[in-house]
Amino acid sequence: MGDLAIRCEGIAKQYRIGQRESYRSLRDTLTDAITAPIRRVRAALQGSDSGSTGGPATIWALEAVSFEVRQGEVLGIIGRNGAGKSTLLKILSRITWPTRGSADIYGRVGSLLEVGTGFHPELTGRENVYLNGAILGMKKAEIARKFDEIVSFAELESFIDTPVKRYSSGMYMRLAFAVAAHIQTEILIVDEVLAVGDAQFQKKCLGKMDEAARHGRTVLFVSHNMLVLQKLCTAGIVLDSGTVVSQGRIGSCVHYYSQLSESRQDLTAATALDGSMAIKTVRILDEEGEPTGTWLYGRRLIVEVDASVGVPCQHLALDITFYTSEGQRLFGLQSDVLNGRTAYDAGLHTVRFEIENPGLTVPEMYLDVGLRTQGVGYEAMLPCAGYLVLKGYVPPHAHNLNLITPSASAVWSQAVQGG
Amino acid sequence: MATLSGEALRLEPQVPVVAPVAALPHVAIRPARGWIALDLGELWQYRELLLFLIWRDIKVRYKQTALGAAWAILQPVFSMVVFSLFFGRLAKVPSDGIPYPVFAYCALLPWQLFAYALTESSNSVVANERLISKVYFPRLVIPLAGVLAGLVDFAIAFSVLILLMLRYGIVPTATIATLPLFVLLAVLTALAVGLWLSALNVQYRDVRYTVGFLTQIWLFLSPVAYPSSLVPERWRPLYGLNPMAGVVEGFRWALVGKTPPPGAMLAVSVVMVLLLLAGGLFYFRRMENSFADVI
């Protein structure tokens, strides 16, 4: 066992969700208009911590997370959408601060929460490599030294002086990942960024990760792909609703996680978080509106979700994500992307997704449902999710799993108050 | 300090470690409370990133605009022509014995630098939202890059001044040696105000709409179109509370050397800038821990 690389002690993070209560009358509006600036200025001067004292609804994205990572260890972080994985990575990357608890990191940290951060479409590939490298914390001389290696890894030798706005999305992602793959810090924090490019490029990316691990670097790795996790990682932690529910060897973590998923198989009523938001029921229906467990090729699947919202939200969306039984993400649908609306009143809502079968070679799928809210820009996934299995469906031909974007629609309707 | 869950873990560090952990940089992550130290040393470590961001801003702007660098000249030159015509020729605003076009252009140079730097830095944090929510670096780099990018336009526009002074046969005196100090003061003024506004802009997007209005009003509060000698002598130190008054008059004095040195007014301006800057730096550092959550 190597020396300590990362130690987290009781890390907790609180987010505010929702927004101010809706205005009732002109008088309220005026009173609020007069008092709000004073309140807000006071809040601004007191800093962000004042959010915890009453007012808008708050959620704990993480609650007392403690773990240690030794140098040279590759730790897989497992958990469903909204379990707190991204928040944890953001805290360890020093992008956001914990509300409570502490963490100590020994070594330089390179964090890849997203590939291609800071890429500018007007700049050429070459210029973006330098810019992105600098943003990721590399020195100019270091980038210059690795430049040829980066370009050949991305397989973009002949396009390197073309503005990246002319790149295909695949080329763009390859270049972005190539820069990221050449960071030489002792510690690497990697969010699910490996799902880029075609299968061959993904293999190459995984190879690079494997190489990093074999060279004794410490890696924190988030993925939904259980096979990849088992292949790359030595240890793991499983997060659920912001707490560590299991930690130890990666094999036992993956096993624990699949058990966690199993136990939720027939869950249709997901838990409310703090009473302010809840997913009540999830219905999976065929085109005729009958409950179904199969999704035949050429047919549409209807997913209806009843959700209750305790406070009016300016930025609210419902996400559904499909996974294979191994935990690999197939595709996700977001209500805000599909219908362009995000502002909703408090009350009981029904969201109806109609999805064309994209034609998949997957015998079994899991469905993950989550409410996503972005208050005054607060991003938090509510971990109220249900896992459901769709069985026995026969697709005609194979598809690249990363290119699936089935045509779908989302209709959001609200029940009459008190009805 | 440590939470209860840390009890079990605390036994670990007491075991002597074989390889010195101290050789690796140690980062302590703690909840952000109260005022945070400026940590200018860390800012210095990220100087390459600062240069890259400045380079990006300039490059992108010149690539996206049809006239490119010509904008840096067109704006002050057109302003100078309009000012000369309406204030100089028609309204007969005094110009301290300097030909009015030179008088106006000497002031428009630092003014444009200030206005550009202020606008860029005020919007910088919100404009770089993606970076802030995905990558760690000292956040101060962002408004600083916004301010410093204005220096390139300034240098380009400066070339016109040389032509203008040749045209009117004005030879600069020894006072021109002090010009860099006034450039620095203009940059610091923009940075000081930009720091406040960029941090406020994250919480209240109203700031974005305020900046245009603010620079407009500020232009008329500064001795750009008129000399500060219009202000009664005893009120001039008070006038210096507007730091741009000191900057603009300082520029004229340094470049042409005919106007009296700004004196007390300049001293007040310098103190004002330093106060605003210190406040802005600490306020920005205080607010930056919530940027990623709020933006």
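This is a predicted model: local features need pLDDT of at least 70, side-chain atom pairs count only at pLDDT 80 or more; totals for chains, interfaces and linings use all residues.
1. Residues are numbered from 1 along each chain as its sequence is written, and chains are lettered from A and ligands numbered from 1 in the order in which they are written.

2. Chain A holds nine helices and 18 strands, these being DSSP runs (helices H or I of at least four residues, strands E of at least two) numbered from the N terminus. Of its 419 residues, 47% are buried, where buried requires 20 or more other C-beta atoms within 10 Å of the residue's own, exposed means 12 or fewer, partly exposed lies in between, and C-beta atoms are placed from the backbone. Among contacts in chain A with a separation of 6 or more, 76% join residues 24 or more positions apart, a contact being two C-beta atoms, placed from the backbone, within 7 Å.

3. The largest nonpolar core has 160 residues, and A:L220 and A:F221 touch the most other members; such a core is a set of buried Ala, Val, Leu, Ile, Met, Phe, Trp, Tyr and Cys residues joined through C-beta atoms within 7 Å. Apart from that core lies another of 23 residues, including A:I279 and A:V369.

4. Strand β4 (residues 100-106) of chain A pairs with β1(B) in the antiparallel sense over four bridges, pairing being called when DSSP finds at least two bridges between two strands. Within this pairing, A:I105 stands opposite B:V27.

5. In chain B, helix α8 (residues 179-203) is mostly covered, with 21 of its 25 residues buried, and bends by about 25° at B:G194, the bend being the angle between axes fitted to the seven residues ending there and the seven starting there.

6. B:A117, in helix α4 (residues 100-127) of chain B, counts as buried because it has 27 C-beta neighbours inside 10 Å. Leaving aside neighbours within four places in sequence, the contacts of B:A117 include B:G146, B:V187 and B:G194.
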